[in-house]
Amino acid sequence: MKKTKDQIINDVALSFFWIAAGLTVAALFAIIIYVVVRGIAVVSPTFVFTWPHGVNAEGGIFPTIIASIYVTALSMLIATPIAVLAAVYLAEYAKQGLAVRIIRFAADSLASVPSIVMGLFGFAFFIETLGLPLSMLSAALALSLLMLPIIMRTTEEAIRGVARYIRWGSYGMGATKWQTVSRVVIPAAMPRIITGLILAMGRAIGETAVVFFTMGQAVNLPVIPTDSGRAMPIHLYLLAVEGINIPAAFGTAFMLMGLIFTFNLLARLISKRYKKVD
């Protein structure tokens, strides 16, 4: 059977889509395989659970792992409540108009700010102006500014995506606006909200410029938020740029990818659990 012109155009467009998707996946797997092959030989219990020594080019990366987890968790703790509450207000309570459009535009603009600019702003405002030290807290505050628009916009879209009949059913049973939002709408939107948290967390844990200007480079184990530290991206950057230990740089990159994968996997499991409950 001879194909029509529209069918031929559709097949050609579909072929381009498949090629684009294949190239994207191939590039991703090429990067992952390259880092795994170069880095897995370096990874050992000693590499994971010991401190750097010498000129911080030898030994392990344990303090950098703890610092990365610490600053990411702290920034999530700062950004998530603010972003979720702002999203709830914009989606459920705010009168849709010019002010709301300006807020959304500002959030989208903030999400597109380069990390180097945010790092310089964090240093100028939190450290120079407010007098905070180079620390977990300063880095977390700067990272939270990067995470805030991502969490806010994805949460708002997730809430707006909840079917209206779910709200009507709640109102029909006598629930108030806040009871409907907190006990019906947010739980229904939780899987998509968690997706936004994953995106924000992935950006935070892999950031280099922001933590470079606000956290410092001290190779110590942070305990309180005002302690300094060296995150894994900074350690990787210094090892690679200075060329003092390229194998250790690949080992650090391998561990960083593993950490991001672990966080994503845990978030996915939590998201699936919410779906099962629903």
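**Entry 1: ground rules**

I take helices (H or I, at least four residues) and strands (E, at least two) as DSSP runs, numbered from the N terminus. The model is predicted, and I read local features where pLDDT is at least 70 and side-chain atom pairs at pLDDT 80 or more, while totals for chains, interfaces and linings use all residues. Residues are numbered from 1 along each chain as its sequence is written, and side-chain values rest on heavy atoms, with hydrogens and water left out.

**Entry 2: the whole chain**

I counted 11 helices and two strands in the protein chain. Read from the N terminus, the order of elements is α-α-β-β-α-α-α-α-α-α-α-α-α. The C-alpha atoms fill a box of roughly 65 × 65 × 35 Å along the principal axes.

I then looked up burial, where buried means under 20% relative accessible area, exposed over 50%, and partly exposed in between (1.4 Å probe, protein chains only). Of the 278 residues in the protein chain, 38% are buried. For contacts (heavy atoms within 4.5 Å), I took pairs at least 6 apart in sequence, and 73% of these join residues at least 24 apart.

The accessible areas come from the Shrake-Rupley method with a 1.4 Å probe, and for residues only the protein chains shown count as cover. The protein chain exposes about 15400 Å², with carbon and sulfur atoms supplying 71% of it.

For charges, I counted Lys and Arg as positive and Asp and Glu as negative, leaving out His and the chain ends. Each charge is placed at NZ of Lys, CZ of Arg, CG of Asp or CD of Glu. The 21 positive and 12 negative charges have mean positions 12 Å apart.

**Entry 3: salt bridges**

I searched the whole structure for salt bridges, meaning a side-chain nitrogen of Lys or Arg within 4 Å of a carboxyl oxygen of Asp or Glu. The search finds seven.

I looked at Glu92 and Arg167, whose side chains meet in a salt bridge at 2.6 Å, N to O. Glu92 sits in helix α3 (residues 62–93) and Arg167 in helix α7 (residues 164–172), so this pair links distant parts of the chain, 75 residues apart. Both Glu92 and Arg167 are buried.

Next I took Asp108 and Arg153, which form a salt bridge at 3.0 Å, N to O. Because Asp108 lies in helix α4 and Arg153 in helix α6 (residues 136–160), the pair ties together parts 45 residues apart in sequence. Asp108 is partly exposed, at 39% relative accessibility.

Arg203 and Glu207 form another salt bridge, with 3.2 Å between the closest N and O atoms. Arg203 is partly exposed at 22% relative accessibility, whereas Glu207 is buried at 10%.

**Entry 4: Arg104 and its network**

Which residues are linked with Arg104 in a network of salt bridges? I found Asp108, Arg153, Glu156 and Glu157.

Arg104 is in helix α4 (residues 98–111). Setting aside neighbours within four places in sequence, Arg104 is in contact with Leu90, Gln96, Arg153, Glu156 and Arg160.

**Entry 5: Ala94**

I placed Ala94 in the loop between α3 and α4. Ala94 is buried, at 10% relative accessibility. Not counting residues up to four places away in sequence, Ala94 touches Tyr89 and Val100. I also checked Ala94 against Ala30: the two are 64 residues apart in sequence and 46 Å apart in space, C-alpha to C-alpha.

**Entry 6: a nonpolar patch**

For patches I used residues with over 30% relative accessible area and no salt bridge, joining like charges within 9 Å and nonpolar side chains (Val, Leu, Ile, Met, Phe, Trp, Tyr) within 5 Å. Val25, Leu28, Phe29, Ile32, Ile33 and Val37 form a nonpolar patch on the surface, with about 540 Å² of accessible area together. One of its members, Ile33, lies in helix α1 (residues 5–39). I note that an α-helix has 3.6 residues a turn, so residues three or four places apart point the same way.

Which residues of helix α10 (residues 232–242) are buried? I listed Met232, Pro233, Ile234, His235, Leu238 and Leu239. Just after α10, Gly243 has a positive phi of about 65 degrees.

Leu266 lies in helix α11 (residues 246–277). At 47% relative accessibility, Leu266 is partly exposed. Leu266 and Ile198 are 68 residues apart in sequence, and their C-alpha atoms are 9.7 Å apart.
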